[in-house]
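Please report on selected local features of the structure shown here.

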Amino acid sequence: MNLLDIVGPVMVGPSSSHTAGAVKIGNVCRKLLGEEVIEAKIFFHGSFLATGKGHGTDRAIVAGLLGWNVDDIRIPNSFQLAREAGLEFTITGIDLGDVHPNSVKMYLTGKNGKTLEVVACSIGGGRIQICELDGMTAKFSGECPTLIVNNIDQPGHVTEVTSMLGHKSVNIATMQLFRDSRGGNAVMVIECDQEVPQESIRWLERLEGIVKVTYFSLTGGE
């Protein structure tokens, strides 16, 4: 645990979980989409729904989708500035069941037609967790470069991905494997110590049995 875990991030408040965490969720999701967001359907759950308006959670998550950071002084004006930038959004409530109370589900569309369905939560102190991507479990923090590979559950795909990372001198910090059924849809969530080269991501996308590759970069833009 470090000092920021105790005192929280430098931010536009009032809440590290409801405000800063919401900005970070939006920002991470924009990077996962990989392009400018032009449409967002936002569904708040639990505490986000009950107290989010008073904490500015709605404006914070839109600010994150615009690519702003948690200390951006424009956050209170994000609705107006989003519409001026061409981002159309709706915000309503939803019951996601037995999930973290500070949770949100979003359907995002990018300017070049990319789409992303995501469930995420704010776990306190400005920290977040991405819980689902496109209906599949995908648990990661957004604090490391993260490679998410959706594939058919067949032998060899894990070896292909990890061998590529080793060849590119990318060290694996954590790796999680999920599948919906044997031989069905599977996902690898790999947090890395270094950025994954774009040409390697494109190589993965062309492999037989790979359905989709999503990459979260700490440095990359759209």
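The report below covers these topics in turn for a predicted model.

## Helix packing

Helix H6 spans residues 157–167 and helix H7 spans residues 198–205; their axes come within 11 Å of each other and cross at roughly 165°. Because angles over 145 degrees count as roughly antiparallel, H6 is roughly antiparallel to H7. The crossing of H6 and H7 is right-handed.

## Nonpolar surface patch

Val-158, Met-175 and Leu-177 together make a nonpolar surface patch of about 230 Å². Of these residues, Met-175 is placed in strand E8, residues 172–179. Met-175 has a relative accessible area of 30% and is partly exposed, since that class lies between the limits of 20% for buried and 50% for exposed.

Helix H3, residues 46–55, contains Leu-49. With a relative accessible area of 45%, Leu-49 is partly exposed.

## Positive phi values

Asp-134 has a phi near 50°, a positive value in a residue other than glycine. Asp-134 sits in the loop that runs between strand E5 (127–133) and strand E6 (136–140). The relative accessible area of Asp-134 is 31%, so this residue is partly exposed.

Ser-169, also not a glycine, has a positive phi near 60°. The loop between H6 and E8 holds Ser-169. Ser-169 counts as exposed because its relative accessibility is 59%, and the exposed class begins over 50%.

Technical notes:
Residues are numbered from 1 along each chain as its sequence is written. This is a predicted model: local features need pLDDT of at least 70, side-chain atom pairs count only at pLDDT 80 or more; totals for chains, interfaces and linings use all residues. Side-chain values use heavy atoms; hydrogens and water are left out. Patches are made of residues with over 30% relative accessible area and no salt bridge: like charges are joined within 9 Å, nonpolar side chains (Val, Leu, Ile, Met, Phe, Trp, Tyr) within 5 Å. Accessible areas come from the Shrake-Rupley method with a 1.4 Å probe; for residues, only the protein chains shown count as cover. A salt bridge is a side-chain nitrogen of Lys or Arg within 4 Å of a carboxyl oxygen of Asp or Glu. Helices (H or I, at least four residues) and strands (E, at least two) are DSSP runs, numbered from the N terminus. Buried means under 20% relative accessible area, exposed over 50%, partly exposed in between (1.4 Å probe, protein chains only). Axes are lines fitted to C-alpha atoms, for helices over the stretch in contact, and angles run from 0 to 180 degrees between N-to-C directions. Angles under 35 degrees count as roughly parallel, over 145 as roughly antiparallel, 65 to 115 as roughly perpendicular and the rest as oblique. A crossing is left-handed if the near helix is turned anticlockwise from the far one by less than a right angle, and right-handed if clockwise.
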